[in-house]
Amino acid sequence: APTSPGHAWSRPKSQEEEEEDPVDAMVSRTGCAEQHWALQECMAEQRDWRRCQAQVQAFRQCMARQQRPHPKELHPNPPHCSPHGD
């Protein structure tokens with residue numbers, strides 16, 4: 001599909017723009033960048049998130065998996081010390 005003008009927001013950032021998008025930063029940390037980009041691409045093409053439910057679900061599930069305190073580098077404290085008290 002040809003690139004439409006509205007597609008500009010999903011372009012890769014140039015080197016000069018070193019201010020990282022907080023969402024992108026978070027997504028790369030969680031390792032869900034692939035799902036995130038798929039969702040962004042779908043949204044750019046469809047302009048309707050309801051048509052992108054598969055991507056939304058995949059991204060949500062990926063993020064939900066990452067929320068669990070299993071990666072040691074993200075959660076240096078043992079789970080029983082968590083401030084949430086779960």
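Visitor: What pattern does the protein follow, read along the sequence?
Guide: The pattern is α-α-α. This is a predicted model, by the way.

Visitor: How many helices and strands are there in the protein?
Guide: Three helices and zero strands.

Visitor: Next topic. How many disulfides does the structure hold?
Guide: Two disulfides.

Visitor: What pattern do the disulfides follow, counting bonded cysteines along the chain?
Guide: They go 1-4, 2-3.

Visitor: Take Cys-32. Which residue does Cys-32 form a disulfide with?
Guide: Cys-62. The two sulfur atoms sit 2.0 Å apart. This pair links distant parts of the chain, 30 residues apart. Cys-32 is in the loop between helix 1 (22-30) and helix 2 (33-46). Cys-62 is in helix 3, residues 53-67.

Visitor: Is the link of Cys-32 and Cys-62 left-handed or right-handed?
Guide: Left-handed, with -90° about the S-S bond.

Visitor: And is Cys-32 buried or exposed?
Guide: Buried, because its relative accessible area is 0%, and buried means under 20%. Cys-62 is buried too, with a value of 3%.

Visitor: Now the other bridge. Which residue does Cys-42 form a disulfide with?
Guide: Cys-52. Their sulfur atoms are 2.0 Å apart.

Visitor: Where do Cys-42 and Cys-52 lie?
Guide: Cys-42 lies in helix 2, and Cys-52 in the loop between helix 2 and helix 3. So the pair ties together parts that are ten residues apart in sequence.

Visitor: Why is the disulfide of Cys-42 and Cys-52 left-handed?
Guide: Because the torsion about its S-S bond is about -90°.

Visitor: Is Cys-42 buried or exposed?
Guide: Cys-42 counts as buried, at 8% relative accessibility.

Visitor: Zooming out, how many of the residues of the protein count as buried?
Guide: As a share, 22% of the 86 residues.

Visitor: Last one, on contacts. Among those between residues at least 6 apart in sequence, what percentage join residues at least 24 apart?
Guide: For this protein, 46%.

Conventions
Residues numbered from 1 in each chain as written. Predicted model: local features only at pLDDT ≥ 70, side-chain atom pairs only at ≥ 80, totals over all residues. Heavy atoms only, no water. Helix = DSSP H or I, 4+ residues; strand = E, 2+ residues; numbered from the N terminus. Buried < 20%, exposed > 50% of the residue type's maximum accessible area, 1.4 Å probe, protein only. Contact = heavy atoms within 4.5 Å. Disulfide = S-S within 2.5 Å.
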